[in-house]
Amino acid sequence: GRPAHAALVARFGAGVLDADGTIDRGALASVAFADPGALADLNAITHPAIGAVMAERRAALEEVDAVVLLDVPLLTPAHRQLLGLDVVLVVDCDPERCVARAVGQRGMAEADVRARMAAQATRTERLEGADLVVDNSGDRARLDGEVDRVWRELLARAEAKAAGTG
């Protein structure tokens, strides 16, 4: 029922649907990431719809006195202005560790993980656009510490902005 649903089914067929008629993300991904043309079609269908929803949600929170986080998997430099982002936060990890985690923890096929990663911004591109970075190369305890560190920084920036000094 979402804006891109009908276009996705028209382009990729009923094989990308679950029994209840919703998009089976795994099935869609296996088709899209196997063919650059299919991936381009997927992006052309979904990105405008997702961008519109994100912009609406961001606008609805404009006057909220809180830190608002948006998860933008395919972040580009244009998103900063389009979505009015104050800070770009990147969660970073060595690509080989990412592959190993996706295979080991999520049961994904290595080739699928690598195809998805190849369709995204490079690690260098992501880091160049970051204001803050969460290092996710260690264990869970280290990640918790990184999240706490960055959260404190986000709160400090929000306070500075509210006070007119940031």
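At 21% relative accessibility, D135 counts as partly exposed, a class that lies between buried (under 20% relative accessible area) and exposed (over 50%), using a 1.4 Å probe and protein chains only. The model is a predicted one, in which local features need pLDDT of at least 70, side-chain atom pairs count only at pLDDT 80 or more, and totals for chains, interfaces and linings use all residues. Residues are numbered from 1 along each chain as its sequence is written, and side-chain values use heavy atoms, with hydrogens and water left out.

Let's stay with D135 for a moment. Its side chain meets that of R142 in a salt bridge, 2.5 Å from N to O; the term stands for a side-chain nitrogen of Lys or Arg within 4 Å of a carboxyl oxygen of Asp or Glu. R142 is partly exposed too, with a relative accessible area of 44%. D135 belongs to strand β2 (residues 132–135), where L132 and V134 form a covered face and V133 and D135 an uncovered one. Strands here are DSSP runs of E with at least two residues, helices are runs of H or I with at least four, and both are numbered from the N terminus.

Strand β2 has a partner. Four bridges join it to strand β1 (residues 89–92), and the two run parallel; strands pair if DSSP finds at least two bridges between them. If you look across from V133 in β2, you will find V90 standing opposite.

Now step back to the whole chain. It holds eight helices and two strands, and the order along the sequence is α-α-α-α-β-α-α-α-β-α. The C-alpha atoms fill a box of roughly 55 × 35 × 30 Å, taken along the principal axes. Of the 166 residues, 22% are buried. Contact means heavy atoms within 4.5 Å, and among contacts between residues at least 6 apart in sequence, 53% join residues at least 24 apart.

R149 is partly exposed at 35% relative accessibility, whereas E146 is buried at 15%. Leaving aside neighbours within four places in sequence, E146 is in contact with V133, V134 and D135.

A search of the whole structure finds 12 salt bridges. One of them, between D86 and K161, has an N to O distance of 2.8 Å. This pair links distant parts of the chain, 75 residues apart: D86 is in the loop between α4 (77–82) and β1, and K161 is in helix α8 (residues 140–162). D86 is partly exposed at 49% relative accessible area, and so is K161 at 45%.

Next comes helix α5 (residues 95–106). The expected span of a helix is 1.5 Å times one less than its number of residues, so the 12 residues of α5 should span 16 Å, which agrees with the 16 Å between its end C-alpha atoms. After α5 comes G107, whose phi is positive, near 70 degrees.

Finally, look at the nonpolar side chains. In soluble globular proteins, nonpolar side chains tend to be buried together. A nonpolar core is a set of buried Ala, Val, Leu, Ile, Met, Phe, Trp, Tyr and Cys residues joined through side-chain atoms within 4.5 Å. The largest one here has 12 residues, among them A4, L8, F12, L28, L42 and I45. Helices α1 (5–12), α2 (25–32) and α3 (36–60) are the elements that give two or more residues to this core, and α3 gives the most, with five. Beyond its neighbours within four places in sequence, F12 is in contact with L28, V31, A38, D41, L42 and I45. A second, separate core of seven residues includes M54, V72, V90 and A130.

A4, in the segment before α1, is buried, with a relative accessible area of 11%. Its contacts, leaving aside neighbours within four places in sequence, are I45, T46 and A49. A4 and E110 are 106 residues apart in sequence and 28 Å apart in space, C-alpha to C-alpha.
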